Amino acid sequence: MPPTIRLLSPATVNRIAAGEVIERPAAAVKELVENALDAGATRIEVILTAGGIERIDVIDDGCGIPESQLALAIERHATSKLADEALVRIATLGFRGEALPSIGAAAKLTLISRPAGQESAARITVAGGAVGEVTPAAGQTGTRAIVEDLFYATPARKKFLRTPRAEADAAERAVWRLALSAPHVAFRLVSDERVMFDVPAQGEPARVAALFGRETASAMLPLDAEREGVRLTGLAAPASLTRATMALQSFVVNGRPVLDPHLRMSLRLAYRDVIASGRHPVAALRLEVPEEALDVNVHPAKTELRFADANGIRSLVMGAIGRLLDRPVSLATAPQAFPSLSLRPPASASYAAYAPPTPSPAARGFAESEFAAFAPPTARQITPDPALTAHPLGAPVAQILDTYILSVASDGALVITDQHAAHERLTEERLRAEFSSGRVASQPLLVPVVVDLSPADAMRLLAQSEILSRLGLEIEPFGPGAVLVRSLPAALKNPDAAGLLHDLAEEFAEHDTPAALEAHLDAALARLACHRSIRAGRRLTPEEMSALLRDMESTPRAATCSHGRPTFLKLSRADLEKMFGRRGM
Ligand code: ADP
Ligand code: MG
């Protein structure tokens, strides 16, 4: 006899759904806060006990649920949010009608609600799927949802819970993300009696400042870009400000906070060659996408999306961040000298009107050979040149250890510049500009050079010979394991051809897919730049130091070298005062 097919009871269906929709306390918190936002709340309070495992309270001042509909609200697939069931234009955060019944199946859920105009509040409780009576209760206009003993009715799920601290982290982050998505709504989050944040209704920059930290936010720059009907706004940090985790990244799509791998990857690619590996960019980004270009119905928790034009979104993010990173050096983008002291970046107002000078010829042509004839140290001044202190990176006053340039800006800030890192970035940016204008100057060699490589490396390079020739590097096969070099990029001023080719082969070996062509180029440019830059240990004249600083000011992304390390550090007068204890920390 084959087994009989029967319909599952609604209670079992709800428990199964609970496993999908509410996989941990953070998910319940998210659903309840989304309901409050959908209800048009202007103020939302979340109170967590033991990370939400013991109890979650979400209190809002939204539209409320009429007494007559309380019982319906906790039924599966009951929603007030889908007018026409087309599932195409979805403006609210919820729409499946699954959250409340799922929570009620796994825990004890109480709703106390009072729409404006209803004489008093009413209450309903559903525990482990068992629905109680609707009874009168005391309550303000709006809704209070209380979840107690999450997963007591689904012990299998309870076993997968992590420590209350880990659950609290996740739940707090869920509220943090929602609060970032809705700056116009006041939020208060209390976790185990600690007020985590309490923010009024405010504008987006103020909300980012409140939730990312004021100092971080003050270094972030606004962006605003559009591409084929998709608008990207928000704030992103310069390359000099990074984090060891992705914790300070927020993405909001059509008002919905999302954890979208595609957006994360786009952000990562945008910063790819300006921050060190293992570090993560800091950004709060908001996308407005036409509803028909989006499918939010993909994931039960609705945190993942499907973009109709994923490549377009990536170009938009990379383009906007790229332009932001291309802004010339200013005080606002100066790396902090001692991040652990959390110094405030100096005010940049006085530099707002500063126009970068055209790069001086002296800084253009640095090459090892040009320094060979240098006389012993001459780079010592006594007072900074007042004509130069007005520049963001100031007037050079000394070269330290033949490696660092010390300069002073008009506000008394001390700037320490790593001459090699700085010059490497300048060279890379120059090559990049030449490359994108299609004119990398190439220097033919009078006597072509034969470079011996491993057969694999030789093949790798020859496979890329077309790109290499666009970089000013002409190579030809020369028997197994060797290539003939006919010309080199002129900007590099006679580099060591063998070293250069070995380096490039290594680079191509690392990124050996045709799809990563762009990555090849950026990485290749960085490798090329490294081969030409002035070394630490070279003595510079005051004029050369100044020229280098002026060039940095007019060069995009000059605050970090191509390996993501800072090219300069800045100590403001206030920083010095703090460090010497002349002012409170
Ligand atoms: P969904 O949000 O997908 O509609 P839920 O199960 O989360 O499904 O909620 C069911 C319904 O209960 C909602 O459609 C809404 O009408 C009502 N509701 C839930 N929470 C609130 C709230 N905080 N304020 C007003 N109405 C609410
Ligand atoms: Mg909902």
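In which strand does aspartate 60 lie? And what surrounds it there?

Reply: The model is a predicted one. Aspartate 60 belongs to strand E2, which covers residues 55–60. Is aspartate 60 buried or exposed? Its relative accessible area is 9%. The cut-off for buried is under 20%. Aspartate 60 is therefore buried.

Now look at its neighbours. Residues up to four places away in sequence are set aside here.

Arginine 114 sits in strand E3, residues 108–114. Its relative accessibility is 24%, so arginine 114 counts as partly exposed.

The side chain of arginine 114 meets two backbone oxygens. The oxygen of glutamine 118 lies 3.0 Å from one of its polar atoms. The oxygen of glutamate 119 is reached at 3.2 Å. Alanine 138 is 24 residues from arginine 114 along the chain. Their C-alpha atoms are 9.1 Å apart.

Next, take two loop residues. Most residues other than glycine have a negative phi. Glutamate 193 has a positive one, near 70 degrees. Glutamate 193 is in the loop between strand E8 (186–191) and strand E9 (194–199). At 79% relative accessibility, glutamate 193 is exposed. Asparagine 254 also has a positive phi, near 50 degrees. Its loop runs between strand E12 (249–253) and strand E13 (256–258). Asparagine 254 has 17% relative accessibility, so it counts as buried.

Finally, turn to the helices. Two packed helices are described by the angle and the distance between their axes. Start with helix H14 (residues 419–436) and helix H19 (residues 542–553). Their axes come within 10 Å. They cross at roughly 50 degrees. H14 and H19 are therefore oblique to each other. The crossing is left-handed. From H14, the contact uses Gln419, Ala422, His423, Leu426 and Arg430. From H19, it uses Leu548, Asp551 and Met552. By class, the residues of this contact are four nonpolar, two polar and two charged.

The other pair is helix H9 (residues 261–271) and helix H10 (residues 310–325). Here the axes come within 9 Å and cross at roughly 35 degrees. This crossing is right-handed. H9 brings His262, Leu263, Ser266, Leu267, Leu269, Ala270 and Tyr271 to the contact. H10 brings Ala310, Ile313, Arg314, Val317, Met318, Ile321 and Leu325. The contact of H9 with H10 has eleven nonpolar, two polar and one charged residues.

Methods:
Residues are numbered from 1 along each chain as its sequence is written. Chains are lettered from A and ligands numbered from 1 in the order in which they are written. This is a predicted model: local features need pLDDT of at least 70, side-chain atom pairs count only at pLDDT 80 or more; totals for chains, interfaces and linings use all residues. Side-chain values use heavy atoms; hydrogens and water are left out. Axes are lines fitted to C-alpha atoms, for helices over the stretch in contact, and angles run from 0 to 180 degrees between N-to-C directions. Helices (H or I, at least four residues) and strands (E, at least two) are DSSP runs, numbered from the N terminus. Angles under 35 degrees count as roughly parallel, over 145 as roughly antiparallel, 65 to 115 as roughly perpendicular and the rest as oblique. A crossing is left-handed if the near helix is turned anticlockwise from the far one by less than a right angle, and right-handed if clockwise. Contact means heavy atoms within 4.5 Å. Ala, Val, Leu, Ile, Met, Phe, Trp, Tyr, Cys and Pro count as nonpolar, Asp, Glu, Lys and Arg as charged, and the others, Gly among them, as polar. Buried means under 20% relative accessible area, exposed over 50%, partly exposed in between (1.4 Å probe, protein chains only). A polar contact is a pair of N or O atoms within 3.5 Å; within protein, one must be able to donate a hydrogen and the other to accept it, and residues adjacent in sequence count only if both atoms are side-chain atoms.
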